[in-house]
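Have the coordinates open while you read.

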Amino acid sequence: MAQAIDPVINPAACWTAIRRTDRPLAVEVRDIGHLSTVAGHLAEQSPFERCSAGTVDAAVAGLGDIPDVLAADIRDLTHRFAGLMQVDEVRIRLEGINTNACRKIHADYTDVRLITTYSGPGTEYLPHGQATSEENLVRLPAGHVALFKGRLFAEGHEPCLHRSPPVGDTGEKRLVLVIDTPLDEERAKILRAMPVRG
């Protein structure tokens, strides 16, 4: 497995880079040490999946009883994602994982998907232009926020191939947040009209 962060990724929290045709992935590098204890405790409850949808506040509240500090971080990321993607509603999934689910290298059937791992091994991605091989995968550190371009973003944009690290045989547990847009035909029209840089 490759070890370095893909050099085409902007480490300076520039989420708008995902609109460029040469950027199937944008990553915000961050330290979540203040969340590690609560995230680790929640990960220990794996497996579980909490899903919610609606406005940002309603979607976060729909995740149920989670520690305030974690809810605040999820709310912040969700507000930023909704602003970037120009949506009033979102879909959120907070998942405790202890299996090999999603271990195949794939691209999502969505426009853009935000994924961050709060505890355990981070998502693995294939750097742009690399052959589809496990040896070429790069693992994101826990805490980093990744915007993965999906197959439905816009014509001329390549999706980011990625996978969940297989943890079923290691005993490791992961706490993962996924944020998506409410993708529909109206949303697709908005995406096609978005300015593209690059």
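Predicted model: local features only at pLDDT ≥ 70, side-chain atom pairs only at ≥ 80, totals over all residues.

E4 covers residues 112-119, and E7 covers residues 145-149. The two strands run antiparallel and are joined by 5 bridges. E4 also has a link to strand E9, residues 174-180. That pairing is antiparallel too, with 5 bridges. Here Ser119 has Leu175 of E9 as its bridge partner.

How many of the 8 residues of E4 are buried? The count is 8 of 8, so the strand is largely enclosed by the rest of the structure.

A further sheet is open and has 3 strands, in the order E6-E5-E8. Its pairing is antiparallel. E6 (138-139) and E8 (162-163) are the edge strands. Each has a single partner strand, so one side of each lacks a neighbour in the sheet. E5, residues 124-125, pairs with E8 over 2 bridges. Tyr125 has His162 of E8 as its bridge partner.

**Overall layout**

The protein has 4 helices and 9 strands. From the N terminus, the elements follow the order β-α-β-α-α-β-β-β-β-β-β-β-α. Of its 198 residues, 48% are buried. Consider the contacts with a separation of 6 or more: 79% of them involve residues 24 or more positions apart. The protein exposes about 9,100 Å², and carbon and sulfur atoms supply 50% of that area.

**Nonpolar cores**

The largest nonpolar core holds 35 residues. Which of them touch the most other members? They are Ile74, Phe81, Tyr118, Leu147 and Leu175. Several elements supply at least two residues each to this core: helices H1 (36-43), H2 and H3 (68-85), and strands E3 (90-97), E4, E7 and E9. H3 gives the largest share, 8 residues. A second core is separate and has 12 residues, among them Val27, Ile97, Ile115 and Val176.

Leaving aside neighbours within four places in sequence, Phe81 is in contact with Trp15, Val90, Val112, Leu114, Leu147, Ile179, Asp180 and Thr181. Val90 also gives a distance to check: its C-alpha is 9.5 Å from that of Ala58, and the two residues are 32 apart in sequence. Ala58 lies in H2, residues 56-61. Ala58 counts as partly exposed, at 40% relative accessibility.

Ala39, Leu42 and Ala43 are buried in H1. They cover an arc of only 100° around the axis, so they lie on the same side of the helix. Residues three or four places apart in an α-helix point the same way, because a turn takes 3.6 residues. Thr37 and His41 are exposed on the other side of H1. What covers the buried residues of H1? The cover includes strand E2 (48-54), H3, E3, E4 and E9.

**Salt bridges**

The count of salt bridges is 12.

| Salt bridge | N to O distance |
|---|---|
| Arg93 and Glu49 | 3.9 Å |
| Arg75 and Asp57 | 3.5 Å |
| Asp108 and Arg113 | 3.1 Å |

Arg93 and Glu49 form a salt bridge. This pair links distant parts of the chain, with Arg93 in E3 and Glu49 in E2, 44 residues apart. Arg93 is partly exposed, with a relative accessible area of 24%.

Arg75 and Asp57 also form a salt bridge. This pair too links distant parts of the chain: Arg75 is in H3 and Asp57 in H2, 18 residues apart. Arg75 is partly exposed at 31% relative accessible area. Asp57 is partly exposed as well, at 45% relative accessibility.

Elsewhere, salt bridges link Glu124, Glu134, Arg139 and Arg163 in a network.

Conventions:
Residues numbered from 1 in each chain as written. Heavy atoms only, no water. Buried < 20%, exposed > 50% of the residue type's maximum accessible area, 1.4 Å probe, protein only. Pairing = 2+ DSSP bridges. Core = buried A, V, L, I, M, F, W, Y, C linked by side-chain atoms within 4.5 Å. Contact = heavy atoms within 4.5 Å. Arc of directions from axis to C-beta. Areas by Shrake-Rupley, 256 points an atom, 1.4 Å probe, with all protein chains shown as cover. Salt bridge = Lys/Arg side-chain N within 4 Å of Asp/Glu carboxyl O.
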